[in-house]
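Subject: Structure handover

Hello,

Here is the structure I said I would pass on.

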Amino acid sequence: MKNLIPVLLILVAACTSYKIQDIPSVQRAESVEGIVSAAHPLATEAGSRMLELGGNAVDAAVASAFTLAVVEPSMSGLGGRLQAIVHLPNGEIVGVDATTQIPDTYDYETAPKASYGYPVIGIPGVVAGLCKLWEEHGSLPLETLIQPAIHHASKGFALLPGEAFRHGLAAKEIGEFEGTKKYFQSSDGDPFKAGEILVQKDLAKTLKQIAKGGAKAFYEGAIAEKIVADHQAKGGFLTFEALANYEAKSSKIVDGSYRGYELHGLWMPSFGAITIQILQILESLPMDQYQGADWASAMAQAISLAYANREAQRTSDSMATVLTDSKYAQELSKQIVVKGKPIEVGKNLALPESWKAEMGHTTHLSTADNKGMMVALTQSLGPNMGSKVAAPGLGFLYATTIGKYLRMTEPGQRASSHISPFLITKEGKPFMALGAAGGSRIVTAITAVTSRVLDHKLPLDQALAAPRVYPDKDTLLMEVHPGPTWKEEELEQLEGYGFPIKQMKLPGRFGRVHAVQFDPVKGVWIGAADPDWEGAVDGPEGN
């Protein structure tokens, strides 16, 4: 296994702010034994280590996910939500829904209205989801999988620039809560800086209990007692009954096709059907011939057409069949005029805050092994550092679930979002696993990368680096950043088509993709990490 860590630590030690030049260039790796792509090098290393120990892709994903909960706490954690999809060696596709849920005791009429704090916290799902994945498809002991996370929590790790930057953004809110302030600020009340060592002893103790007792230790044991006692004292809604009754569920799989490849996503509360619909709308167009402005125009209009159907997902499970119907997608595609006036949809809709947020705070990882198992796993806290509440004595942050961020108000309701872990197969055999972080840009990042790979035949790392586009009502947001970017003449061409253009020069605003792909000619797995983030790719050395 190649050592990815020293170079990054040297980089981090020299950095005190989050700039594009602080982020390593696109990470790419190949391995015949399997591959891991994750949003933090330590999480990638943890997953790759499990493959070296003889574990499978689920083992690698679980180890990587638990490690991300430690080393990237602004984006995910034990108090968050999770969605995962798995391609098993026998060709079967399965999924896990471990989203957060509003307790049955919640009463919208009497509950305080807040954008962060205890009133926005629902039942966590990550621990149940990871344990379900491991119990049903893992091969190594749970203690082995969680050991890297325990190590980094107890011994400490150097904060990367992006993570330190996000802590700084939430510094005021962090200071309002005893547990959060203890874990994520210095004794002087200042956020930790990039390169400083973050030690999380309480989180390590929590992880050790989960390693020994599994999900039951979290939802029914001493951990649950501390959670409930804290929430009851601080005006939260979590109860023993709510925790004990929480269930990570098996997801409904939605399928589609694109250019002779099979598409696989998760139905609600994931947005897999919308991801499939965008691609099936594009299938009627000669996307392989479209470059620059024409590709951007077609992509933006396909997104607009499919995003108009987001609310329809909430009406009935039967909509899964409708939204993934290729004939319906073909009809929608007839509205696209690549060189003409852009489609404008959703201008007057009342959308949840999470749908309008400029940058979603989520993390994604993808793994694969030499037996043909692939995993795409996305976990989230919602906005930056979630609810801003860290459990005193336990060390982890809770996600934002209840309230206007996700438009969640009903007891028992499970959080839905643009999270869309995604698999692509060819004649039933593994081809690609991918997903993204980034709120409403998750789906659009996945579809852009898929088109770049299947239509433009770009290598995976170049497909991740290629510039993306996002329609925001009547304005076309264009990703303009160092590296591959939109040319000035392409922007002018789009304006000539009738698109108002807005250039977005900040990194990470168009989704952050981590993906793995199988090359059947060379017989190797290829992995790539988004160049706008601080992730990495690694896999065991071949024999």
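Helix α5 (residues 142-155) packs against α9 at an angle of about 175°, and their axes are 8 Å apart. The two helices are therefore roughly antiparallel to each other, since an angle over 145 degrees counts as such. On the α5 side the contact involves Leu-142, Glu-143, Ile-146, Ala-149, Ile-150, Ala-153 and Ser-154; on the α9 side the residues include Leu-203, Ala-204, Leu-207, Ile-210 and Gly-214. Sorted by class, the residues of this contact are 10 nonpolar, two polar and four charged. Please keep in mind throughout that this is a predicted model.

With α9 (residues 201-219), α3 (residues 57-71) makes an angle of about 160°, and the axes are 11 Å apart. These two are therefore also roughly antiparallel to each other. The contact is formed by Phe-66, Ala-69 and Val-70 from α3 together with Leu-203, Leu-207 and Ile-210 from α9. Its residues are six nonpolar, with no polar and no charged ones. The crossing of α3 past α9 is right-handed.

With α5, α3 packs at an angle of about 20°, and the axes are 8 Å apart. That makes α3 roughly parallel to α5, because angles under 35 degrees count as roughly parallel. This crossing is right-handed as well. Among the α3 residues that meet α5 are Asp-59, Val-62, Ala-63 and Phe-66, and among their counterparts in α5 are Leu-145, Pro-148 and His-152. The contact of α3 with α5 has 11 nonpolar residues, two polar and one charged.

Next, the sheet. Seven strands form an open sheet in the order β7-β4-β3-β11-β10-β2-β19, with antiparallel pairing. Which strands stand at its edges? They are β7 and β19 (536-538); each has a single partner strand, so one side of each is left without a neighbour in the sheet. Helix α2 (residues 41-52) packs on the sheet and touches β2, β10 and β19, its direction making about 160° with that of β2. Strand β2 (residues 34-38) pairs with β10 (residues 361-369) in the antiparallel sense over four bridges, and there Ile-35 stands opposite Ala-368.

How many of its six residues are buried? Six of the six are, so β4 (residues 93-98) is largely enclosed by the rest of the structure. Both of its faces are covered: Ile-93, Gly-95 and Asp-97 are buried on one side, and Val-94, Val-96 and Ala-98 on the other. Strand β3 (residues 81-87) pairs with β4 in the antiparallel sense over six bridges, with Leu-82 opposite Ala-98. The hairpin of β3 and β4 has five residues between the strands, and in it Gly-91 takes a positive phi near 95°. β4 also pairs with β7 (residues 249-250), in the antiparallel sense over two bridges; Asp-97 has Lys-249 as its bridge partner in β7.

Is Ser-387 buried or exposed? Its relative accessible area is 0%, so Ser-387 is buried. Leaving out residues up to four places away in sequence, Ser-387 touches Tyr-116, Gly-117, Val-120, Ile-121, Tyr-398, Ala-399 and Thr-400. The C-alpha atoms of Ser-387 and Pro-112 are separated by 14 Å, while the two residues are 275 apart along the chain.

Finally, some backbone details. Most residues other than glycine have a negative phi, and most peptide bonds are trans.

- Arg-259, in the loop between β8 (253-258) and β9, has a positive phi near 55°. With 27% relative accessibility, Arg-259 counts as partly exposed.
- Lys-473, in the loop between β14 (469-472) and β15 (475-479), has a positive phi of about 55° although it is not a glycine. Lys-473 counts as partly exposed at 39% relative accessibility.
- Met-268 and Pro-269 are joined by a cis peptide bond, with omega about 15°. Pro-269 sits in the loop between β9 (261-266) and α12 (272-282).

Regards

Terms used. Residues numbered from 1 in each chain as written. Predicted model: local features only at pLDDT ≥ 70, side-chain atom pairs only at ≥ 80, totals over all residues. Heavy atoms only, no water. Buried < 20%, exposed > 50% of the residue type's maximum accessible area, 1.4 Å probe, protein only. Pairing = 2+ DSSP bridges. Axes fitted to C-alpha atoms, helices over the stretch in contact; angles between N-to-C directions. Parallel < 35°, antiparallel > 145°, perpendicular 65-115°, else oblique. Left-handed = near helix turned anticlockwise from the far one by under 90°. Contact = heavy atoms within 4.5 Å. Nonpolar A, V, L, I, M, F, W, Y, C, P; charged D, E, K, R; others polar.
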